[in-house]
Amino acid sequence: MDSQPLEVEVPPHLAGERADRAAALLFSDYSRAVLTRWMRQGALTVDGRTAEPDRKVQGGERLALAPDADLSGSDSPAGDWAAPQPVDFSIVHEDEHCLVVDKPAGIAVHPGAGNLDGTLVNGLLHHRPDLGKLPRAGIVHRIDMHTSGLLVVAATLAAQRVLAEAIAAHVVGRRYFGVAEGEMIAGSTIDRPIGRDRRNRLRQQVREDGRPAVTRVRVKERYRAHTAIEATLETGRTHQIRVHMASIGHPLVGDRRYGARGRLPRAPHPEVILTLRGFTRQALHAAALEFDHPASGARCAFEAPLPRDLAELVAVLRQDRESHR
């Protein structure tokens, strides 16, 4: 694989930030501690030069991350990023510059601890081997393994730079559909910082010293003991929607990690019980994606229908609601 660095331009709104903090915001797949170490090793450079982590950026600098940086001892993704494998996913759009894919739940976006292969990256390399020439096989953002839905993947180095910068500048529109426990009265804007849970590294939590995180939540449909929501991201923190929904007392159906308890409506039909207890992933789907095309600049918009399990969940909850009116 060509050893080409992944480069991102520091946007103007990060002027005055420390270089390590700016890097953590722009390369969100990696922790700040790992990025700081790479800066000191020279694997992460500022305008082509080694820089101290506490250097203040002014905006316009180019941060370059070498894809062959030493990942040992870090919390960064590991596994086989070069192995093409047939993997089940749908291609919504494809051209010479980018792809939009619809990822099923249960497939990790990239190799890492516990998922060394069989990921979306492995499937992309099987479908389009030239992606192996790009850092991270063209991946510019992620969704959780057990979240279904849309991602954009770069197919050229130039497109990867443009898309990565657009995501960092929060100009990529991402809209999610979810089903939460409890009856929500109205939507809201959840503006609560998120950081790693101090007691459990597999969880995130709302923390005053966390990274800024904003989720806009709109109620789409109410059921007897659940609510269908639409969530729009203004930032892209790990598990953001899941953490924010749990923080307002409405965890997503099936999301045991963040407090879902298998809530049931009163006097439920056996089918309702079976459906809710059998839904073991978080009820979350990346339903819509909008971005400026990395070559033409034209605004592109894509939507993905609900996967079967989530569509069946909604149908059962609707039927339960109607039968108790």
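Student: What share of the 325 residues in the protein is made up of buried residues?

Tutor: Buried means under 20% relative accessible area, exposed means over 50%, and partly exposed lies in between, using a 1.4 Å probe and protein chains only. Here buried residues make up 51% of the 325 residues. This is a predicted model, so local features need pLDDT of at least 70, side-chain atom pairs count only at pLDDT 80 or more, and totals for chains, interfaces and linings use all residues. Residues are numbered from 1 along each chain as its sequence is written, and side-chain values use heavy atoms, leaving out hydrogens and water.

Student: How many helices and strands does the protein have?

Tutor: Both are DSSP runs numbered from the N terminus: helices are H or I with at least four residues, strands are E with at least two. This protein has seven helices and 14 strands. Its radius of gyration is 20 Å, close to the 20 Å that the globule rule gives for 325 residues, so the protein is as compact as a globular protein of that length. That radius is taken over C-alpha atoms, and the rule is 2.2 Å times the number of residues to the power 0.38. Along the principal axes, the C-alpha atoms fill a box of roughly 65 × 45 × 40 Å.

Student: Which residues of helix α2 are buried?

Tutor: Start with the general idea. An α-helix has 3.6 residues a turn, so residues three or four places apart point the same way. In α2 (residues 32-41), the buried ones are V34, L35, T36, W38 and M39. Their cover includes α1 (19-26), β2 (44-46) and β3 (62-65). R37 also sits in α2, but R37 is partly exposed at 26% relative accessible area. Just after α2, G42 takes a positive phi of about 90°.

Student: Is helix α3 mostly covered or mostly open?

Tutor: Mostly covered: six of the eight residues in α3 (residues 120-127) are buried. They are L120, V121, N122, G123, L124 and L125. These buried residues pack against β5 (98-103) and β6 (148-154).

Student: What is E230 in contact with, leaving aside its neighbours within four places in sequence?

Tutor: Contact means heavy atoms within 4.5 Å. With those neighbours left aside, E230 touches R175, Y176, R216, V217, R218 and K220. E230 lies in strand β12 (residues 226-233). E230 is buried, at 14% relative accessible area.

Student: How many aromatic pairs does a search of the whole structure find?

Tutor: Rings of Phe, Tyr and Trp (its six-membered ring) pair if their centres lie within 6.5 Å; planes under 30 degrees apart count as stacked, over 60 as edge-to-face and the rest as tilted. The search finds one pair. The ring centres of F291 and F302 are 5.9 Å apart and their planes are at 25°, so the pair is stacked. F291 is in strand β13 (residues 284-292) and F302 in strand β14 (residues 299-303), 11 residues apart. F291 is buried at 1% relative accessible area, and F302 is buried at 14%.

Student: Which residues line the largest cavity?

Tutor: Rolling a probe the size of a water molecule over the atoms shows where empty space is left. The largest cavity is lined by E181, V253, G254, R256, G262, L276 and F279. On a 1 Å grid over the protein atoms alone, a cavity is a set of points where a 1.4 Å probe fits but cannot get out, and lining residues have an atom within 4 Å of a point. The largest cavity holds about 40 Å³ of space.

Terms used: On a 1 Å grid over the protein atoms alone, a cavity is a set of points where a 1.4 Å probe fits but cannot get out, and a pocket is an open set with protein on both sides within 12 Å along at least five of seven lines; lining residues have an atom within 4 Å of a point. Grid points are joined across faces, edges and corners, and a volume is the space filled by probe spheres set on the points.
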